[in-house]
Amino acid sequence: MTPDPTTVTTLAAITPPDVEYSLLSPMLIVFGVAVAGVLVEAFASRSGRRRIQPVLSLVGLVAALAAVIWVAVILTRDGGQGRTAMSGAVVLDRPAMFLQGLLLVISVLAVAFMAEHGLERVVTPSKRFSNGPGAAAQASLEGADADLFTPSGASVPNSDNEFEATRAGGVTTEVFPLTLLAVGGMMLFVACGDLLTMFIALEVFSLPLYLLCALARRRRLLSQEASLKYFLLGAFSSAFFLFGAAFAYGSTGSLNLTEIGAALAVGGNDVTRLAVIGLAMLAVGLLFKVGAMPFHAWVPDVYQGAPTPVTAFMAAATKVAAFGALLRVFWVAFGPLVDEWRPVLWAVAILTMIVGAIMAVTQSDVKRLLAYSSVTHTGFILLGVIAFDPTRTDQPGLSATLFYLAAYAFSTFGAFATTAVVREPVDAGRRSGVSGPHLSGREATGLDQWAGLGRRYPLVGAMFSMYLLAFAGIPLTSGFIAKFDVFAAVAGNGGAVLVVIGVIGSAIAAYFYIRIIVAMFFDDVPLDAPHVVRPSPLTTVPIAVCTAVTIVLGFYPQPLLDLVGNAASFL
């Protein structure tokens, strides 16, 4: 039958998605400032970049934090639970807004730490040396303050080109827009409403971190190795995540987390089988980001090799973002399959708590020890995820996890920042004017070097001891309240065995924490004992804030407990 050419076919109306700019303003501010930072890199002078970038980044982060608070007040007044944006791609509920605020606070501390120029000294741009490979040998002890990042990321480590970049006063201020891009991706990661948006957010915050890990001023080969390992393993984990999203779509016909959960609640065996495969692959990508066993291999190498400000930022912010996304995937999308994934998380949590603690005992480097400590704490935080109970409206596991993330983020940031101020003495070769652009010692990260440090520098020893006691879960510290909260949550949901294993893991971990404290205050001072460099307020203020939070949450945790209790409800 020939169609009538005069017939007019009416197409269905296409409804364009609504973009709620006001609700997305915190993320838009961060991304906008990051783009502005890229423009500053392109057009500002070297001295201008050094002054503009830290101020621009800090102002942008503070503005974004104010916007988060404003959005939270608007969406939660009169008992509101939040709302979706971008046609469901972004979910601005109570947990998302709490985690975004926490990420921004940590980011403010991290950007201030990255702007520090009082821990390194290098040859001054005004110095003149003879040409040739031995030019650096004529450096004197006079120099200028420098940051903790390489002056030229493209130069070969320890080469003449690197020395020339140092002598010319080169600065890698690209770290500031890269950090803001990572922060924006993390903020989106904890607020994703579908798996595709979550994958995009994962890549947005991962790619800048791969670059940042390679930009250390000292031990550059170790830094570049850490970056390469992180990139290769991260690429594989992202591929697993994407495959998992494909299987989830194949089983339920949707990438939206809420729709996936609804489909699984009424799905048959075929739907469940495909969904379990998808969840397993998604879990690989997410457990890699949180640093859980057996996907933890990158953690010690990256934490040791990356510039210390980047390590502190990753140890705190990346874990917060990754657990925010993991909770949303397991609880919102795959909550109906709790009986399938809970035994697996039991095994992962037990392995992470025990093996992480045992591996930490064998370490001789402070940063690697703190990295394995981070792995151990990942196991403790997983207990809050395991405490999910689909039959309850209130979720103590969620509130316990949010509290633990907040308490641990400040403690671990402060611990890594403190390691940066403990420096090796200037070597004998430098005293006599031997080669090298650096006029200051490297970070002293060997455990044997920290012997007697607490007696010589009581304030530094006391603050670092406070962080270690919090990690061990000693009473009157934030770590004790955090562990008690997750233990209570999982015990109330049939996880008493996990509590016992968690206590055993804590006892093992307490051994190496106490070992460091004993070494700092009771061991003999070595001949090549390190010294503590007095940094600027850009470093001392973040360390002081982290110490204060660690202590205050141990004595008076109720305000934060009330806040996370009110935030413990997904939309």
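## Thr352 in helix 12

In this predicted model, Thr352 is placed in helix 12, which spans residues 338–361. Because its relative accessibility is 0%, Thr352 counts as buried, the cut-off for that class being under 20% relative accessible area.

The side chain of Thr352 reaches back to the backbone oxygen of Val348, at a distance of 2.6 Å. When residues up to four places away in sequence are not counted, Thr352 touches Ala292, Met293, Ala357, Val375, Thr376, Thr378 and Gly379. Of these contacts, Val375, Thr376, Thr378 and Gly379 carry numbers that fall in helix 13, the element formed by residues 366–386.

## Helix 11 against helix 13

Helix 13 also packs with helix 11 (residues 308–333), the two axes coming within 12 Å and crossing at roughly 20 degrees. Helix 11 is therefore roughly parallel to helix 13, since angles under 35 degrees are counted in that class. The crossing of these two helices is right-handed.

On the helix 11 side, the residues that meet helix 13 are Thr308, Thr311, Lys319, Phe323, Leu326, Leu327 and Trp331, and their counterparts in helix 13 are Lys367, Ser374, Thr378, Ile381, Leu382, Gly384 and Val385. By class, the residues of this contact divide into seven nonpolar, five polar and two charged. Thr378, listed here on the helix 13 side, is also one of the residues touched by Thr352.

## Gln304 in helix 10

Gln304 lies in helix 10, which covers residues 298–305.

With Arg368 the contact of Gln304 includes a polar one, made between the two side chains at 3.1 Å.

## Helix 17 against helix 19

The axes of helix 17 (residues 458–472) and helix 19 (residues 496–522) come within 9 Å and cross at roughly 170 degrees. Because angles over 145 degrees count as roughly antiparallel, helix 17 is placed in that class relative to helix 19.

From helix 17, the residues Gly461, Ala462, Phe464, Ser465, Leu468, Leu469, Phe471 and Ala472 meet Ser506, Ala510, Tyr513, Ile514, Ile516, Ile517, Met520 and Phe521 of helix 19. This contact comprises 13 nonpolar and three polar residues, with no charged residues.

Definitions and conventions:
Residues are numbered from 1 along each chain as its sequence is written. This is a predicted model: local features need pLDDT of at least 70, side-chain atom pairs count only at pLDDT 80 or more; totals for chains, interfaces and linings use all residues. Side-chain values use heavy atoms; hydrogens and water are left out. Helices (H or I, at least four residues) and strands (E, at least two) are DSSP runs, numbered from the N terminus. Buried means under 20% relative accessible area, exposed over 50%, partly exposed in between (1.4 Å probe, protein chains only). A polar contact is a pair of N or O atoms within 3.5 Å; within protein, one must be able to donate a hydrogen and the other to accept it, and residues adjacent in sequence count only if both atoms are side-chain atoms. Contact means heavy atoms within 4.5 Å. Axes are lines fitted to C-alpha atoms, for helices over the stretch in contact, and angles run from 0 to 180 degrees between N-to-C directions. Angles under 35 degrees count as roughly parallel, over 145 as roughly antiparallel, 65 to 115 as roughly perpendicular and the rest as oblique. A crossing is left-handed if the near helix is turned anticlockwise from the far one by less than a right angle, and right-handed if clockwise. Ala, Val, Leu, Ile, Met, Phe, Trp, Tyr, Cys and Pro count as nonpolar, Asp, Glu, Lys and Arg as charged, and the others, Gly among them, as polar.
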